[in-house]
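Subject: Structure for your review

Dear colleague,

Please find below the structure that I am handing over to you. My notes on it follow.

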Amino acid sequence: MLSIIEHDFGTPLSKSGKRVSLEIDGFSVDVAEGTSVMRAAASIGIAIPKLCATEMLDAFGSCRLCLVQVEGMKGYPASCTTPVAAGMKVTTQNKKLADVRRGVMELYISDHPLDCLTCPANGHCELQNMAGVVGLRELRYGYAGENHLDAKKDESNPYFTFDPSKCIVCSRCVRACDEVQGTFALTIEGRGFDSKVAASQNDSFLDSECVSCGACVQACPTATLSEKSLIAKGQAEHSITTTCAYCGVGCSFRAEMKGQELVRMVPNMDGHANHGHSCVKGRFAIGYTTHTDRITKPMIRARISDPWREVSWQEAITHTAAEFRRIQQQYGRDSVGGITSSRCTNEETYLVQKLVRAAFGNNNVDTCARVCHSPTGYGLKNTLGESAGTQDFDSVMLADVIFVIGANPTDGHPVFASQMKRRLRQGAKLIVADPRRIDLIRTPHIQAQHHLQLRPGTNVALINSLAHVIVAEGLVNEAFVAQRCEKESFDKWRAFVAELHNSPEEMEAVTGVPAAEVRGAARLYATGGNGAIYYGLGVTEHSQGSTMVMGIANLAMATGNIGREGVGVNPLRGQNNVQGSCDMGSFPHEFPGYRHVSGNEVRHQFEQAWGVPLQSEPGLRIPNMFEAALDGEFKALYIEGEDIAQSDPNIQHVHAALGAMECVVVQDLFLNETAKFAHVFLPGSSFLEKDGTFTNAERRISLVRKVMDAPGGHADWEITQLLSNALGYPMHYKHASEIMDEIASLTPTFEGVSFVRINELGSIQWPCNAEHPQGTPVMHVDEFVRGKGRFLVTEYVPTRERVNDKYPLILTTGRILSQYNVGAQTRRTENNAWHAEDRLELHPQDAEDRGIRTGDWVGIQSRAGETVLRALVSERMQPGVVYTTFHFPGSGANVITTDNSDWATNCPEYKVTAVEITRVSQPSEWNVV
Ligand code: SF4
Ligand code: SF4
Ligand code: SF4
Ligand code: FES
């Protein structure tokens, strides 16, 4: 955990099951077929010199430093490009090889600035190391000849520098951008002496297609591509493995540290979710943790119009506890509640719901998953029997047909998108259902076979028409259905989808998708081999979000695409720990592990463990809390790490509800929008400042490790514990691991999980129990969690949100790569260089009809409210549909979204708002932050 250097075996691991034995320098070695001689040597501790090879990339064979001698083979083959063969006898060191290697190094060094002592790579420069390894002592060529020593630096990227004077043209960066990231932003331009690395069409890095993932920086063996933080701070002296706190991919990183100072984040090669890759957020957008906006002292105020007053922790906690008890005495036990955070750890989330249930004495606890993936929980539980995705990410490498519905992985889940793109470049087929032309549809070496460009709000109509084709054309996997699914429910579903009104031809008028495209996509998904569905908020944030999730599960079961690698139903979870916050019992009706509070056996188990009676009735959901607040019945709310005043729909309504409460407690890093309505502010901790676990979209539980102290002095779980003790309900955890032990003892799917076990295995995918001690990468293998898979009829019901003459356009919303959700973190980093404001994307036809050009201010009016954004005219949109992100509070995107919601879970219908837009001359009041 404390080492800085990761071992690099030079070429990728071979997954072949066949073994090959050979001899290297007289030592016997046994490796998988397809392994390179270089890797085979490294596996027994023989390090062959190398420069252009790295484990992350396919061998290239350009530097000629790794030459070896093989008995019976002519010349000197490169060990990185030579695969092992049975009985091979390899020599890695002799005089001839040493001379060749020295000659190669001499050429490199004669065109390289020898400023090693002041170079940021000093100490981990592979060129410097190799010069030492090959024993280079003199340069016969000197520096008099032509060289590149005066080549100009490119400092345009906010996070890394490109200094071409140090480039050895090994092409590792180019290959990293192609093979690992899949962006193809870099090329080697020119030939021979003139060859050089170029970004896009010789643009600066910032202006090029580069998405700043940092893969090239990591791959560069010299200081040509270097993190600016490393240049400024110097080499780290220890590193600690932890987990990214941005998105649901859950990338593993080594935080490289100098004492308490973070030098850089380096993706962990052993990370099971990311295999050494990252995106611009996790690797670089970390500056928010030390931003001067961080609030480090508790604060209280009597009224929200009063100025804040800094107080001691003791005063803040005593005051909060007294207020909650006063309010409960005055207005009743159910007049208070809490909101858990998908940004916080499992242990912190668990503790907040425990505080609400055991110390407040009610079930008024909810979480932001309410506004994103609650339909996933409902839909998958009712069909498959478990509320989570079915696969691990690596499963995509065995998919033959990838079906992406309502998700934009290259922006929302970038590291998984890179893996998916790798599989697509290998030949897997792609179907995308999205109202917008997302990047994935056409990107270097990838072209979707079908883009089902549906109208927002018609998902269920589309999934029914896909199912119709599968049933009507005899593409059902009858054997799978007969063996694995409930017959009665299947027969009912089959009869329903076979009805003529569900045919693609009939539904075309509703969805806007040509029937031939739907038929083609259905045939491909059903017959193209392993079919894997990945979906996002474009599925869930609708009035029929839960219906659509069930429709997806129906489709996967009907075609037998579930229960093995390469297939499955995979929600791409948004926030880092949204899976975990749901698992931990954040919903008002469920204890940890998705067990209903009305179940006597489970409730008694918690009552016994927690030592208090617990309510058997579900508590209030977030929207119900707001309603109750406006009715004067709900008066106090403890909010851990959520900005509901920005992220929830119909903001005027939310603001009114918060304004009606007597004690709003915000526990966060910054004074966010919700804090404007708060009476108590408790300074929380960032992921770098605490121990705990996050659970990613694959159900993978990974450790988050403390690398520095929290400026406020407490991890979030410690604050919850302080509050609970002050309320008279004792909690005495000394470390987050003790909370996980309690979770494991009360939650069957977590039974085998502990910090020690996660440490041993690197990460664990739940369920982890006696039956699955190593965890469960793929679910529903022999049978569904609920036994037989259940088909549910998914009647299409149009949303209440209709376009008409007054509101003729549909607004839909999404995310962008460089910003994150409400932007509280990313807006406080250099990521603003890519996206400094939310914009309204619209089709050229809609723009022309209204005299709007890119850059104009446009007023957007909906039935809920109005705001102003700058326009971006774009062919990505279809006529009649406009789009925006919601990363900046000033944009007021949620001022205009309505309070329509999913029928089953109340998840807001963010994706469909009828609007009209007009060109205006200035921003609105919402745009002034
Ligand atoms: S940072 Fe990533 S996208 Fe940009 S050039 Fe490097 S590898 Fe390519
Ligand atoms: S920038 Fe680095 S990785 Fe790229 S070619 Fe030059 S030395 Fe190699
Ligand atoms: S893909 Fe997600 S988890 Fe990975 S580095 Fe980016 S934001 Fe972090
Ligand atoms: S490391 Fe093998 S040719 Fe460069």
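**Ligand surroundings**

The shell around ligand 1 consists of nine nonpolar, two polar and no charged residues. In this classification Ala, Val, Leu, Ile, Met, Phe, Trp, Tyr, Cys and Pro are nonpolar, Asp, Glu, Lys and Arg are charged, and the others, Gly among them, are polar. This is a predicted model, in which local features need pLDDT of at least 70 and side-chain atom pairs count only at pLDDT 80 or more, while totals for chains, interfaces and linings use all residues. Residues are numbered from 1 along each chain as its sequence is written, chains are lettered from A and ligands numbered from 1 in the order in which they are written, and side-chain values use heavy atoms, with hydrogens and water left out.

The residues around ligand 1 are Phe 160, Cys 177, Leu 186, Phe 205, Cys 210, Val 211, Ser 212, Cys 213, Gly 214, Ala 215 and Cys 216. A residue is near a molecule or strand if one of its heavy atoms lies within 4 Å of it.

Around ligand 2 there are 13 residues, of which Cys 167, Cys 170, Ser 171, Cys 173 and Cys 220 come nearest. By class, this shell holds nine nonpolar, three polar and one charged residues.

Helices (H or I, at least four residues) and strands (E, at least two) are DSSP runs, numbered from the N terminus.

**Helix packing**

Two packed helices are described by the angle between their axes and the distance between the axes. Here axes are lines fitted to C-alpha atoms, for helices over the stretch in contact, and angles run from 0 to 180 degrees between N-to-C directions.

The axes of helix 13 (residues 459-472) and helix 16 (residues 504-511) come within 9 Å and cross at roughly 165°. Helix 13 and helix 16 are therefore roughly antiparallel to each other; angles under 35 degrees count as roughly parallel, over 145 as roughly antiparallel, 65 to 115 as roughly perpendicular and the rest as oblique. Their crossing is left-handed, a term used if the near helix is turned anticlockwise from the far one by less than a right angle, and right-handed if clockwise. Helix 13 makes the contact (heavy atoms within 4.5 Å) through Ala 461, Leu 462, Ser 465, His 468 and Val 469, and helix 16 through Pro 504, Met 507, Val 510 and Thr 511. These residues divide into six nonpolar, three polar and no charged.

For helix 2 (residues 95-109) and helix 3 (residues 126-133), the axes come within 10 Å and cross at roughly 140°. That makes helix 2 oblique to helix 3. The crossing of helix 2 and helix 3 is left-handed. Met 105, Tyr 108 and Ile 109 of helix 2 meet Leu 127, Met 130 and Ala 131 of helix 3, a contact with six nonpolar, no polar and no charged residues.

**Sheets and hairpin**

Seven strands form an open sheet of mixed pairing in the order 13-12-27-26-25-14-15; two strands pair if DSSP finds at least two bridges between them. Strand 13 (309-310) and strand 15 (365-367) stand at the edges with a single partner strand each, so one side of each is left without a neighbour in the sheet. Strand 12 (residues 299-300) and strand 27 (residues 680-683) run antiparallel and are joined by two bridges, with Ile 300 opposite Val 680. Helix 25 (residues 716-726) lies across strand 25 (636-640), strand 26 (663-668) and strand 27, at about 155° to strand 25.

Another open sheet has three strands in the order 9-10-11, with antiparallel pairing. Its edge strands are strand 9 (238-243) and strand 11 (261-267).

Strand 6 and strand 7 form a hairpin with six residues between them, and Gly 190 in the turn has a positive phi of about 80°.

**Backbone points**

Trp 766 and Pro 767 are joined by a cis peptide bond, with omega about 0°. Arg 64 has a positive phi of about 65° although it is not a glycine.

Kind regards
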